[in-house]
Amino acid sequence: MSAEPAAVAETSAQPVASVASAAPASVTQAASRETASVTAVASQESRSSLTSTASVSVASISTASAEASTSAVTSEPVEESESASVKTDEQLYDQGLEKTRHTFGERLNALLANFRHVDEGFFDDLEETLIGADVGFDMAVKLSDELRDEVKLQNAKRSQDVQNVIVEKMVEIYDQAGNDEESTALNMAPEGPTVILFVGVNGVGKTTTIGKMANRYHQAGKKVLLAAADTFRAGATEQLDVWAKRGHVDIVKGQPQSDPAAVVFDAVQKAKRENYDILFVDTAGRLQNKVNLMNELAKMKRIITREIPAAPHEVLLVLDATTGQNALTQAKLFKESTDVTGIVLTKLDGTARGGIVLAIRNELHVPVKFIGLGEQIDDLRPFDPNEFVYGLFKGLIDVSALEKA
Ligand SMILES: Nc1nc2c(ncn2[C@@H]2O[C@H](COP(=O)(O)OP(=O)(O)OP(=O)(O)O)[C@@H](O)[C@H]2O)c(=O)[nH]1
């Protein structure tokens, strides 16, 4: 392809190194912990295993009043008020999973409160509850089968014991569905720019996610560049530009309808020349025509790999959790077109079907790397299965009983 610089490189703001750790290997962790308070880090560490999920102190389980930010659907980033304080992972998971918790957790709780015997009827009801939370049919059956065995094995009779087994099994099954070595950490280049390609259909929250991600890594002390390679949708470049300005990062833009691959080429050149740590590439997601999409993505990837052989370091598929099982269908189509290395699941705060996380894991075997729990710039967090399952049950678990169990 021609190396004509069809794209216009523009520096929207000088990157300012922050005080955060800049160690590349630990960037996700650094970024993830950076905004959290010391207390939150400590409480999260104490919850690194399921056993400790059950033994979380009563004080830390008291729920903050949840106000899921599902309000207006605008294409502009939502401005945060000056006074808005950064939420810890725990607070954000707690608030963002409120809707799912209401349907799933409370139904489960009702089921547990009313059961007399852990019999077939109980497991049928459990399966229904799980399917209702969109964990997917296969996953629901698998989970209740394993629970049936485990409940027998542990001779769990009391409601709290059964609930404890359910929580344990959910995390265990999530872990089993993946590869031991994989993690939610982004694959970072040992040296030179790391290139992350974002794919996904229109409206799922790709641009917003890139904006949040850019801010996150900029805050962690990284020199971040964005490539506005969605030249197809009018307004997509402007939208990304707003996020770039907000996150104080640089952006490479193209002319409307110009070749997105040219934007990618210019962005990769700039990233190499000017020693950027990380380049996030926004793409258009035209799933209506799979062949075109495939060709477009393949062309972008070819250019990236030609310029940086180990890149792209990640191809992140952005999915909208509110679309439930449709998100899974989209994911399957994208997987056929390109090597997806991770999922970003957005708008979990806007749905009661948070169980989709488990379905994605079970059916796609691709790790969920980040989740979107709101529209604000800080509402994107690395996915943590423990934190997630804990968030589903928070405030519903009888902690004192669990501690005794
Ligand atoms: N509640 C909530 N809204 C979100 C989240 N992520 C994105 N959104 C909203 O979803 C809408 C669509 O997001 P965009 O970033 O424009 O989606 P996109 O995939 O880039 O869409 P195109 O640019 O059309 O391809 C916006 O109103 C965002 O504010 C989230 O985690 N929670």
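## Helix H12

The expected span of a helix is 1.5 Å times one less than its number of residues. H12 has 14 residues and reaches 20 Å from its first C-alpha to its last, close to the 20 Å expected at 1.5 Å a residue. Helices (H or I, at least four residues) and strands (E, at least two) are DSSP runs, numbered from the N terminus.

This is a predicted model: local features need pLDDT of at least 70, side-chain atom pairs count only at pLDDT 80 or more, and totals for chains, interfaces and linings use all residues. Residues are numbered from 1 along each chain as its sequence is written.

A residue is buried if 20 or more other C-beta atoms lie within 10 Å of its own, exposed if 12 or fewer, and partly exposed in between, with C-beta atoms placed from the backbone. Eleven of the 14 residues of H12 are buried, so the helix is largely enclosed by the rest of the structure. Among them are Pro 260, Val 263, Phe 265, Asp 266 and Lys 270. Asn 275 follows H12 and has a positive phi, near 55°.

## The chain and its core

The protein chain holds 17 helices and nine strands. Of its 405 residues, 49% are buried. Contacts in the chain with a separation of 6 or more come to 80% from residues 24 or more positions apart. Two residues are in contact if their C-beta atoms, placed from the backbone, lie within 7 Å.

A nonpolar core is a set of buried Ala, Val, Leu, Ile, Met, Phe, Trp, Tyr and Cys residues joined through C-beta atoms within 7 Å. The largest has 99 residues, and Leu 226, Val 264, Leu 279 and Val 281 have the most contacts inside it. Helix H12 (residues 260–273) supplies the largest share of this core, eight residues. Beyond its neighbours within four places in sequence, Leu 279 touches Ala 267, Val 268 and Ala 271, among others; its contacts also include Pro 193 and Leu 225.

## Helix H11

Helix H11 covers residues 236–247. At 1.5 Å a residue, its twelve residues should span 16 Å; the end C-alpha atoms are 17 Å apart, which agrees. Its buried residues are Ala 236, Thr 237, Gln 239, Leu 240, Trp 243, Ala 244 and Gly 247. Seen down the axis of H11, they fall within an arc of 160° (taken from the directions from the helix axis to the C-beta atoms), so they line one face of the helix. Their cover includes helix H10 (206–219) and strands S3 (224–229), S4 (250–253) and S5 (278–283). His 248 follows H11, with a positive phi near 60°.

Leu 240 sits in H11. It counts as buried because it has 25 C-beta neighbours inside 10 Å. Leaving aside neighbours within four places in sequence, its contacts include Ile 210, Leu 226, Ile 251 and Asp 282.

## Asp 282

Asp 282 belongs to strand S5. With 29 C-beta neighbours inside 10 Å, Asp 282 counts as buried. Outside four places in sequence, its contacts include Lys 206, Thr 207, Leu 226, Ala 236 and Leu 240.

## Around the ligand

A residue is near a molecule if its C-beta atom, placed from the backbone, lies within 6 Å of it. Of the 26 residues around the ligand, Gly 205, Lys 206, Thr 207, Thr 208 and Gly 372 come nearest. H10 gives the largest share of this shell, three residues.

The shell divides into four nonpolar, 15 polar and seven charged residues. Here Ala, Val, Leu, Ile, Met, Phe, Trp, Tyr, Cys and Pro count as nonpolar, Asp, Glu, Lys and Arg as charged, and the others, Gly among them, as polar.
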